[in-house]
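I'll talk you through one protein chain, and we'll take it a piece at a time.

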Amino acid sequence: MKLSSHSITDGTRIAGQFAFCIPADEGHVCLGANRNPHLAWSGAPEGTRSFALICHDPDVPSRGDDVNQEGRSVPIDLPRVDFFHWVLVDIPANLNEIAEGSYSNEVTPGGKTGPAAAHGTRQGINNYTDWFAGEEAMRGDYHGYDGPCPPWNDERLHHYVFTLYALDVERCPVEGRFGGPEVRQAIAGHVLAEARLTVHYSLNPVVNGA
């Protein structure tokens, strides 16, 4: 199975139009266009009954002490954890493409609604739900795609892994409020094939473009 895109290229920097945050003319960052990238796939194995899509960043700091703090930086060797940016399940077996901007086309304070989404799909919550939990103006359940916004003082280049799973079930066995870990657990034993694209991004002027 192959995953491709008109919006992103494997192994390269993701463009700012697909990011939650971009470098600011004044200060460190400002909000980006936050468009979901185009994705297309082919070569699904026989017996595929649906697809699931997960985008995650494996380079998120495991501690937030230094994150976005003036005069400090997040050390490159700090242990890292997963941050989920997009969790999409119940993609019909006869669908082979997601259009750019069809699931996200702006930053939505408080998060986009869900889980119901286009084409009968369901969207899980992403980790901006946790990130903004303490901010009155932004907190809420962030369903669907919300793009990169790594710490502007992180010494590490962040990677964004888009993984498509071909499944032998028509409906992903998760219910109610779910995120990336729940979907990973639910599809274990149901994956017929998988394909991925990995891109990178940074808001640190020293790292950006590396």
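Predicted model: local features only at pLDDT ≥ 70, side-chain atom pairs only at ≥ 80, totals over all residues.

Let's begin with His38, which sits in the loop between strand S3 (29-31) and strand S4 (39-42). Residues are numbered from 1 along each chain as its sequence is written, and side-chain values use heavy atoms, with hydrogens and water left out.

Is His38 buried or exposed? His38 is buried, with a relative accessible area of 7%. Buried means under 20% relative accessible area, exposed means over 50%, and partly exposed is in between, using a 1.4 Å probe and protein chains only. If we leave aside its neighbours within four places in sequence, His38 is in contact (heavy atoms within 4.5 Å) with Ser4, Ser5, His6, Ser7, Glu97, Ile98, Ala99 and Glu100. Leu203, on the other hand, is 165 residues from His38 in sequence and 23 Å away in space, C-alpha to C-alpha.

Why mention that? Most residues other than glycine have a negative phi, and most peptide bonds are trans.

Now the loop between S7 and S8, where you'll find His119. His119 has a positive phi of about 65° although it is not a glycine, and at 53% relative accessibility it counts as exposed. Pro115 is in the loop between S7 and S8 as well, and a cis peptide bond joins Gly114 and Pro115, with omega about 10°.

Next, sheets. Strands of a sheet pair through backbone hydrogen bonds, either parallel or antiparallel. Here, two strands pair if DSSP finds at least two bridges between them. Three bridges join S1 to S4, and the bridge partner of Ser4 in S4 is Ala40.

There's also an open sheet of five strands, S8-S6-S5-S9-S10, again with antiparallel pairing. Its edges are strand S8 (122-123) and strand S10 (191-201), each with a single partner strand, so one side of each is left without a neighbour in the sheet. Helix H2 (residues 180-187) packs on this sheet, touching strand S5 (50-61), S6, S9 and S10. The direction of H2 makes about 60° with that of S6; axes are lines fitted to C-alpha atoms, for helices over the stretch in contact, and angles run from 0 to 180 degrees between N-to-C directions.

On to the cysteines. How many disulfides are there? Counting cysteine sulfur atoms within 2.5 Å of each other as a disulfide, we get one. It joins Cys21 to Cys149, S to S 2.3 Å. Cys21 lies in strand S2 (residues 21-23) and Cys149 in the loop between helix H1 (128-131) and strand S9 (158-167), so the pair ties together parts that are 128 residues apart in sequence. Cys21 is buried at 6% relative accessibility, while Cys149 is partly exposed at 27%. Cys30 is in no disulfide; the nearest cysteine sulfur, that of Cys21, is 7.8 Å away.

Last stop, the largest pocket. On a 1 Å grid over the protein atoms alone, a pocket is an open set of points with protein on both sides within 12 Å along at least five of seven lines, and lining residues have an atom within 4 Å of a point. The largest pocket is lined by 27 residues, and Cys149 is one of those nearest its centre, along with Phe83, Tyr128, Trp131 and Pro151. Which strand gives the most to that lining? S6 does, with four residues.

Technical notes: Helix = DSSP H or I, 4+ residues; strand = E, 2+ residues; numbered from the N terminus. 1 Å grid on protein atoms, 1.4 Å probe; cavity = no way out; pocket = protein on both sides within 12 Å on 5 of 7 lines; lining within 4 Å.
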